[in-house]
Amino acid sequence: MSSREGPGSSRSQTLELPFVAPSLRQWLSSPKQLFIGGRWQEPRSGRYLTVTDPSTGEPLAEVAEAGEEDVDLAVQAARRALEGTWGKLPPAERGRLLWKLADLLEENAQELAQLESLNTGKPVTETSMADIPLAVEHFRYFAGWATKWTGETLPVSFPGEYLAYTRREPVGVVGAIVPWNFPLMIASWKLAPALATGNTVVLKPSELTPLTALRLAELVRQAGFPPGTVNVLPGYGEPAGRALVEHPGVDKISFTGSPGVGRKIMTAAARDFKRVTLELGGKSPNIVFPDADLDSAVAGAMMGIFFNQGEVCCAGSRLFVHKEQFDRVVGAIAERAGRLRQGPGIHPMTQMGPLISQTHMERVLGYIEKGRAEGAELLVGGEPNPEAGTGYFVKPTVFLGRDDMTIAREEIFGPVLTVLPFESLDEVVRRANDTPYGLAAGIWTRDVAKAIKVAHRLKAGTVWINGYNLLDATSPWGGFKQSGIGREMGRYALEHYTEVKSVWINLG
């Protein structure tokens, strides 16, 4: 992606494929501005980003690049909405608008699924079945909470006669920073609970994948949200992300991304004691016991690491397989991985698309080379796949490794699986927990009692038993240890977007 002084005209060849909706081609043909205060605005700097197609490396669209001045304007607009029209809306009206937005997303689901596929590279089958439906579900789920998030009366014992109660009030202006791997879905995780509880939002999508966030802004306007309630500012972490985190008018930051950036956000937020929610990295264990349904376990392992090209924070990148079934399970995974169809995500037959960028592809290939150098046995893949296209394709890769190897310790964020044999339950639990991360884990066994005992011992925010990558708006999402702070999704998310106020009335 590059930054330049104005919109250009060259476009990716992918847009000429017959699968792409004509309306989408038309939408992408014009440069996209910033959405501030309910209006589309030019960036103060006049600078635009070239958003590229990861399946070809060619331009997809031109998008305005937000800077510090734009962030300040957006925060001011969000504050006016908070203290004005949006802040005065009854909860039922907030819920109605969120439901209307969900309806509009659903009405435009096919277009949004294609747009997300084009921008991220992920298969359109995944965006159609997961990304867009889950975003719709989140807005509907939290629309219902708008009228149900309540305080309580308190049985105080202080001498005298009092009525004491609590109120749940919005934190204020929320800065929401979303990553490039699930742009629209993760935006919904932040926007829906924030808006349901009466906050206003400045949303900064990744400079790599801003397109569905900008389309969402159009639907926010169409739904009738008061100006300034939602503002969308594509831009780089520096300066736009930094300016949003450091802005004194922002009351809370909700961030999904790398642990390194998360640390910087915590440090910056400490100055004003901003509230923070952080969903960071993972190195999730996926454990196959010898009594598991092996066909299901193999399918689950494939889903765990190759879904979304492995660009998933909860990717099951460490696969522990009991020695009794090790050769059978690992052989089946390697065979299936070698047959995965790679190509442009927009093609309906594609099973695994390209990585997001040239830089990220080089990072993933660097980890693969490190695995080889440290003595890991390469079973399949381990190289680029030029036959899939001219973009950033890396073949599905499976290593036989050891716990101390870099590929088994660090988050790769790509289609690279390290398989590790184990012998006993206590051993595998200890090894699974031997990581600074704690986002998710998988367990495969027919023994329900064993599964529950292991689930309780694993240090992870989510544990799946005989399944993987299972998500629902009602189920909280977040990690232990260095995988983050706080929870998204479910009623637990609402706690992070409200302040609790205690009120005492002297009745004496």
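By class, how many nonpolar, polar and charged residues does the lining of the second largest pocket have?

Tutor: The lining of the second largest pocket has 21 nonpolar, 4 polar and 4 charged residues. Here Ala, Val, Leu, Ile, Met, Phe, Trp, Tyr, Cys and Pro count as nonpolar, Asp, Glu, Lys and Arg as charged, and the others, Gly among them, as polar. The model is predicted, so local features need pLDDT of at least 70 and side-chain atom pairs pLDDT 80 or more, while totals for chains, interfaces and linings use all residues. Residues are numbered from 1 along each chain as its sequence is written, and side-chain values use heavy atoms, without hydrogens and water.

The volume of the second largest pocket is about 690 Å³. A pocket is an open set of points on a 1 Å grid over the protein atoms alone, where a 1.4 Å probe fits, with protein on both sides within 12 Å along at least five of seven lines; lining residues have an atom within 4 Å of a point. The volume is the space filled by probe spheres set on the points, which are joined across faces, edges and corners. Of the 29 lining residues, Glu126, Met303, Phe306, Phe307 and Asn469 lie nearest the centre of this pocket. Two or more residues each come from helices H6 (124-145), H7 (183-196), H11 (294-306) and H12 (326-339). H6 gives the most, with 5 residues. Helices (H or I, at least four residues) and strands (E, at least two) are DSSP runs, numbered from the N terminus.

The largest pocket has a volume of about 1,200 Å³. Its lining has 44 residues, and Trp180, Phe255, Gly257, Ser258 and Val261 are the closest to its centre. Strand S11 (252-256) is one of the elements that supply at least two residues to this lining, whereas H9 gives the most, with 6 residues.

S11 is largely enclosed by the rest of the structure, because 5 of its 5 residues are buried (under 20% relative accessible area with a 1.4 Å probe, protein chains only). In a regular strand the side chains alternate between the two faces of the sheet. In S11, Lys252, Ser254 and Thr256 are buried on one side, and Ile253 and Phe255 are buried on the other.

S11 pairs in the parallel sense with strand S8 (residues 173-177) over 4 bridges; strands pair if DSSP finds at least two bridges between them. Ile253 in S11 stands opposite Gly175. Strand S12 (residues 275-279) also runs parallel to S11, joined by 5 bridges, and Thr277 in S12 stands opposite Ser254.

Note on methods
Buried < 20%, exposed > 50% of the residue type's maximum accessible area, 1.4 Å probe, protein only.
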